[in-house]
Amino acid sequence: MVHQIISTNSSSAASASRISKVMTGVFRFLAFALIVGMLASCAVKPPTPPAPAPPAGTEAPLPTLGETPDSTPTGPALQRAHSRWVPVRWADLPGFDADATNEAWNAWIKSCERPPANFKGLCSEVRRLTLATPEEQRQWMRVRLQPYRVEPLDGATEGLLTSYFEPVYDAMRQRGNGFEVPIYRAPPGLTPRKPWYTRQDIDTRPDVRAQLAGNEIAWMADPIDALILQIQGSGRVRVTEPDGSQRLLRLAFAATNEQPYRSPGAWAKTQGLTGDTTWPGIRAWLAANPTRLQDFLWSNPRVVFFREEPLSELDTQFGPRGAQGVALTPGRSIAVDPQSIPYGTPVWLASSGPVAKLQRLVLAQDTGSAITGAVRADFFAGWGPEAGDFAGRMKQPLKLWALWPK
């Protein structure tokens, strides 16, 4: 029994020795792994490589056009020299969801040829939305722009809308055959902001006519047509050249004699004209009172001088260049007081009256001597007799909202 006991103890001792060796190996491996892990944690990891840059010329994506809450706007009113802009909701713009805004997009793209500073960053998106639906264009405006009600500094919100157009007349390059009314280029010595001779001086003083000699662009047959051309500030003329050929050109505004504008229609009304004060009505009154024609013309001392511009087929689809320096779009360009609304600003216009109901997107792209004040606009109707008839009758109440980048 004792031997057996001794034999068993010897086997146990051998097993314990083997277990001890295995455990020693395990502990050594764990210690080594721990040291390696600690060293790895202390090592400097290489930086995460940056995302690849987009190719040159790649445009940023348009904003996500999801549902935009039309909540009450926050933020202060904006002050201009001649106006105050009060933030409003899009729902406050009458007819906004019904306008064919795509008809105004060409006018907006024209403004992007010479954009105001605040709109430069948006013009690439405007161009990319050219073929978008009106709904998509309106939703983009809700995302990018804030509407502001334009009002005078005294707080009134209703103003006056009138209209202007580009007349189309016949003219001769040389005087004669009933074409006796000259249309002039700006004469030498004309100084900006310094009054020059009046219309009556030009018609009656030989010394003034001598200064204008050689500056005739063309000759017209009707002095009233010539006056309308000057009041509108530009026009198209079908000119007959000395060889008998004809061509269409544009007479664009170049300068004035810096005399104040006086409304001939208002003068005629003080002289007994009653009822119809449109141009057809004024012509009928003058036909019945032919001795008053010269006084009628001289009632407006302001004279406009022109420059000649060729008209390509593409140019005939647009109006003359406005004060912003871009071609006007019929029905979508307006003249404004730039001290109230900067050139290039998209504007929501609302006017209802006997001539038309207008609720639409327009662009502030022009001005005029009679267009002063906060809520005041002159609507560009286009060219030709139909546009002239519309412009001659337009005189309605007006409300304006400026659409300004957020």
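A disulfide is a pair of cysteine sulfur atoms within 2.5 Å. Keep that in mind for the second stop of this tour.

**Before you start.** This is a predicted model, in which local features need pLDDT of at least 70, side-chain atom pairs count only at pLDDT 80 or more, and totals for chains, interfaces and linings use all residues. Residues are numbered from 1 along each chain as its sequence is written, and side-chain values use heavy atoms, leaving out hydrogens and water.

**Stop 1: colour by confidence.** pLDDT is the predictor's confidence in each residue, from 0 to 100. The protein averages 86, and 82% of the residues score at least 70.

**Stop 2: the disulfide.** Select Cys112 and Cys123, whose sulfur atoms are 2.1 Å apart. This is the 1 disulfide that a search of the whole structure finds. Its S-S torsion is about -85°, so the disulfide is left-handed. Cys112 sits in the loop between helix H2 (102-111) and helix H3 (123-128), and Cys123 in helix H3, so the pair ties together parts 11 residues apart in sequence. Helices here are DSSP runs of H or I with at least four residues, strands are runs of E with at least two, and both are numbered from the N terminus. Are the two cysteines buried or exposed? Both Cys112 and Cys123 are buried (under 20% relative accessible area, with a 1.4 Å probe and protein chains only).

**Stop 3: the largest pocket.** On a 1 Å grid over the protein atoms alone, a pocket is an open set of points where a 1.4 Å probe fits, with protein on both sides within 12 Å along at least five of seven lines; lining residues have an atom within 4 Å of a point. The largest pocket holds about 1,600 Å³ of space. Select Ile231, Gln232, Tyr261, Ala370 and Asp378, the closest to its centre among 50 lining residues. Next, show strand S4 (159-166), which gives the largest share of the lining, 5 residues.

**Stop 4: the second largest pocket.** Its volume is about 360 Å³.

How values were computed
Grid points are joined across faces, edges and corners, and a volume is the space filled by probe spheres set on the points. Buried means under 20% relative accessible area, exposed over 50%, partly exposed in between (1.4 Å probe, protein chains only).
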